[in-house]
Protein chains: 2
Amino acid sequence: MSSNHTHNKKNQTLTKNQRIVLNLLQDSGEPLKAYFILNSLKKEGLNSPLQVYRALDKLVELGKIHKVESLNSFIICNNSNCASNTAFTICERCGKVKEIKNNNLTEGVNELVRENKLNITRYNLEFYVVCKTCKIN
Amino acid sequence: MSSNHTHNKKNQTLTKNQRIVLNLLQDSGEPLKAYFILNSLKKEGLNSPLQVYRALDKLVELGKIHKVESLNSFIICNNSNCASNTAFTICERCGKVKEIKNNNLTEGVNELVRENKLNITRYNLEFYVVCKTCKIN
DNA sequence: ATTACATACGTAATATTATAACAATATAAA
DNA sequence: TTTATATTGTTATAATATTACGTATGTAAT
């Protein structure tokens with residue numbers, strides 16, 4: 001009856017294809033491209049692009065992963081309550097992508113959205129940066 | 001010596017291909033896809049995707065147009081001083097895209113960026129909305 | 001004017017990303 | 001069990017974007 005149990009239960013509702021795609025993204029932590037996922041999971045029985053895209057679509061819909069639009073890539077969701085909103089930093093030098101968690105920035109964006117009376121259903125924010133590691137070097 | 005003259009001067013530095021692509025996007029005002037642009041401009045002498053993509057790349061670089069990443073489309077820049085930053089609302093029902101101009105929202109985003117000490121070089125913000133027209137109907 | 005350089009051009013081929021169409025199967029609900 | 005819904009597997013194809021190559025053009029320095 002741990003929270004772990006609940007988490008497993010949730011994942012059990014996923015189909016085999018959905019689960020192996022999610023696992024790969026989870027293990028990687030990085031944004032992966034659909035055809036890279038396909039190639040990586042050939043041995044697990046994924047044979048066609050559609051199988052990958054269908055799994056990805058479903059996982060995006062469930063909020064378990066996000067699409068990084070400007071990279072045509074998919075990344076695990078690190079933010080349990082981000083719903084369908086996404087906010088990333090993308091390092092222009094090394095390509096590293098980080099999801100911006102519920103902090104001042106997303107709080108602030110929510111406020112701005114309210115203030116501006118925008119009828120927002122969801123948003124996708126991509127901030128291009130030079131990450132700390134790259135800045136040093 | 002009007003401001004119009006300056007504007008023309010600027011456009012004169014564009015090549016033929018760049019100018020006809022820019023004109024199409026200007027006249028349309030909507031986000032257009034590369035291959036739509038290609039088909040539209042066949043009569044003007046554009047024959048290959050590469051000619052379109054090269055013109056688009058240059059125009060993006062010059063800040064005259066923007067790419068709407070999640071739509072794989074390109075739209076005229078309505079905001080003379082947006083540099084390489086972009087902020088759009090995209091209606092989920094009718095697909096209408098509007099560039100958010102220098103108002104409270106982008107001001108606020110800039111502030112948030114400063115506050116959070118993010119080393120931002122540029123950003124791309126996509127807000128999915130239900131636009132006024134669609135909301136009524 | 002001539003060289004050197006960068007930029008842009010045209011064309012063909014190809015790579016990458018994503019979807020359509022269809023028949024079969026599994027899963028959940030009535 | 002019957003019905004409805006979602007998912008699967010497969011083939012084919014559409015849509016988006018880039019590589020490679022050789023040529024032409026514009027610009028600036030010599």
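Predicted model: local features only at pLDDT ≥ 70, side-chain atom pairs only at ≥ 80, totals over all residues.
A residue is called buried if 20 or more other C-beta atoms lie within 10 Å of its own.

Let us turn to chain A. Of its 137 residues, 27% count as buried. Its secondary structure comes to 6 helices and 5 strands, and along the sequence these follow the pattern α-α-α-α-β-β-β-β-α-β-α. Among the contacts in chain A with a separation of 6 or more, 50% join residues 24 or more positions apart.

Next, consider the interior. In soluble globular proteins, nonpolar side chains tend to be buried together. Here, the largest nonpolar core has 53 residues. Which residues have the most contacts inside it? They are A:Val21, A:Leu25 and A:Ile65, together with B:Val21, B:Leu25 and B:Ile65. Take B:Ile65 as an example: leaving aside residues up to four places away in sequence, B:Ile65 touches B:Leu22, B:Leu25, B:Leu56, B:Leu59, B:Val60, B:Phe74, B:Ile75, B:Ile76 and B:Cys77.

I now come to a pair of helices. Two packed helices are described by the angle between their axes and the distance between the axes. For H2(A) and H4(A), the axes come within 9 Å and cross at roughly 80 degrees. An angle of 65 to 115 degrees counts as roughly perpendicular, and H2(A) and H4(A) are therefore roughly perpendicular to each other. From H2(A), the contact involves A:Asn17, A:Gln18, A:Val21 and A:Leu22; from H4(A), it involves A:Gln51, A:Val52, A:Ala55, A:Leu56, A:Lys58 and A:Leu59. By class, this contact of H2(A) with H4(A) has 6 nonpolar, 3 polar and 1 charged residues.

Which element supplies the largest share of the surface near DNA strand D? That is H4(A), with 5 residues. The surface divides into 7 nonpolar, 8 polar and 4 charged residues.

Finally, the two protein chains meet: 25 residues of chain A are in contact with 25 residues of chain B. On the chain A side, helix H5 (104-115) and strand E5 (120-129) each supply at least two residues, and the largest share, 10 residues, comes from E5(A). That side comprises 11 nonpolar, 8 polar and 6 charged residues.

Notes. Residues numbered from 1 in each chain as written. Chains lettered and ligands numbered in written order. Helix = DSSP H or I, 4+ residues; strand = E, 2+ residues; numbered from the N terminus. Nonpolar A, V, L, I, M, F, W, Y, C, P; charged D, E, K, R; others polar. Axes fitted to C-alpha atoms, helices over the stretch in contact; angles between N-to-C directions. Parallel < 35°, antiparallel > 145°, perpendicular 65-115°, else oblique. Contact = placed C-beta atoms within 7 Å. Core = buried A, V, L, I, M, F, W, Y, C linked by C-beta atoms within 7 Å. Buried ≥ 20, exposed ≤ 12 C-beta atoms within 10 Å, placed from the backbone.
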